[in-house]
Amino acid sequence: MSNSLKLPLIKNAMSVDVEDYFQVAAFDDFISPDEWDYLPHRVEKNTQKILELFSKFDTKATFFMLGWVAERFPGLVTDIVAQGHEIASHGYAHKRATLQTRDEFREDITKAKKILEDIGGTEIKGYRAPSYSINHSNMWVHDELLKTGHQYSSSVYPVKHDLYGIPDAPRFKYILSNGLVEIPISTIKVLNKNLPAGGGGFFRFYPYSMSKWIIKQINKTEQQATIFYFHPWEVDPEQPKQSQASLKSKFRHYLNLSKTEDRLSRLLKDFEWDRMDKVFKIK
Ligand SMILES: [Zn+2]
């Protein structure tokens, strides 16, 4: 018998992009990677908080980790693996793929994969480009990922946005001509336009009821899994504030940080979640 309160049983994919608050693209005009080592680090504590939350709701997830973070906090990588989550790559130094030459990009992803595999002792299959930086100008990214031994990418955001996106890309998992799997970040189609539905700043911006409605729609009407992402700094309202940032960047970075943890708990309770490789059957 149908029960209107019962949510669809489709498993959605939960993911965390593991980077510190000072590594985001919005701040790279005034915080250079040379300074990263000298700033107060909060990524370890915040990621441990997320691990506790996932354990409380018996949720498994995929952690797209920066090689830079793994090198400094190897215990974090081994804790994530020990708790049954998937480790994937977010590259080494969080430089957008659109700002790298093909050789630089290959070097960055090769370095990250090796560090993560050496520390975690598991094969790295997935990759997510910093700031979803794949667009029509650098489609070679997918070839480099395949050549360096990755099996899937979750880097395309099929939306129109000032910083990223391929608005006309497929909205759901697709296989590229070279054989690599691309799992785009979730969107919802409204009046023939794709709106972001995958988490991050939008999850902090929309009321929780709207995020929940969107995921239900994609699961029920389209019979597809959604991909949700967030960052460790999004559960950290106490992080040092960057006064030099533009008003737009400040709005995007600091909006509703104190509400994220509670909203995440509701999300973990209301839906079924699993690792990217399990949901999308990556071997
Ligand atoms: Zn990132």
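Predicted model: local features only at pLDDT ≥ 70, side-chain atom pairs only at ≥ 80, totals over all residues.

1. R106 is partly exposed, with a relative accessible area of 31%; on this scale buried means under 20%, exposed over 50%, and partly exposed in between, with a 1.4 Å probe and protein chains only. Its side chain meets that of D103 in a salt bridge, at 3.2 Å from N to O. A salt bridge is here a side-chain nitrogen of Lys or Arg within 4 Å of a carboxyl oxygen of Asp or Glu. D103 and R106 are three residues apart in helix α4, so about one helical turn separates them. Both belong to a network of salt bridges that links R102, D103, R106, E144 and K147.

2. Residues are numbered from 1 along each chain as its sequence is written, and side-chain values use heavy atoms, with hydrogens and water left out. Helices (H or I, at least four residues) and strands (E, at least two) are DSSP runs, numbered from the N terminus.

3. The structure holds 18 salt bridges. One of them joins K114 and D118, at 2.7 Å from N to O. These two residues are four apart in helix α4, again about one helical turn. K114 counts as exposed at 51% relative accessibility, and D118 is exposed at 54%.

4. Which residue meets R171 in a salt bridge? The partner is E222, at 2.8 Å from N to O. This pair links distant parts of the chain: E222 lies in the loop between α7 and β10 (227–230), and R171 in the loop between β5 (152–153) and β6 (174–175), 51 residues apart. E222 is partly exposed at 30%, while R171 counts as buried at 12%.

5. The zinc ion is coordinated by E19 (OE), H90 (NE2) and H94 (NE2), at 2.0 to 2.1 Å. Donors are N, O and S atoms within 2.8 Å of the metal (3.2 Å for Na, K and Ca), and sites may look incomplete because water is not among the atoms. Along the chain, the donors follow the spacing E-x70-H-x3-H. E19 lies in the loop between β1 (11–18) and α1 (43–56), and H90 in the loop between β3 (86–89) and α4 (102–120), so the pair ties together parts that are 71 residues apart in sequence. Both E19 and H90 are buried.

6. Strands β8 (residues 187–190) and β9 run antiparallel and are joined by four bridges; two strands pair if DSSP finds at least two bridges between them. T187 has P196 of β9 as its bridge partner. The hairpin has two residues between the strands, and L191 takes a positive phi near 50 degrees. In β9 (residues 193–196), N194 and P196 form the covered face, K193 and L195 the uncovered one.

7. Grid points are joined across faces, edges and corners, and a volume is the space filled by probe spheres set on the points. The largest pocket has a volume of about 720 Å³. It is lined by 32 residues, with H161, L163, Y164, G201 and R252 closest to its centre. Helices α6 (200–205) and α8 (247–254) each supply at least two lining residues.

8. The second largest pocket has a volume of about 290 Å³. Its lining comprises 17 residues, and P33, A93, H94, K95 and R96 lie nearest its centre. H94 is also one of the residues that coordinate the zinc ion.

9. Two cavities of 30 Å³ or more are present. The largest has a volume of about 60 Å³, and residues of its lining include F202, F203, I214 and F228. About 50 Å³ of space lies in the second largest cavity, where R171 is among the lining residues.

Notes: 1 Å grid on protein atoms, 1.4 Å probe; cavity = no way out; pocket = protein on both sides within 12 Å on 5 of 7 lines; lining within 4 Å.
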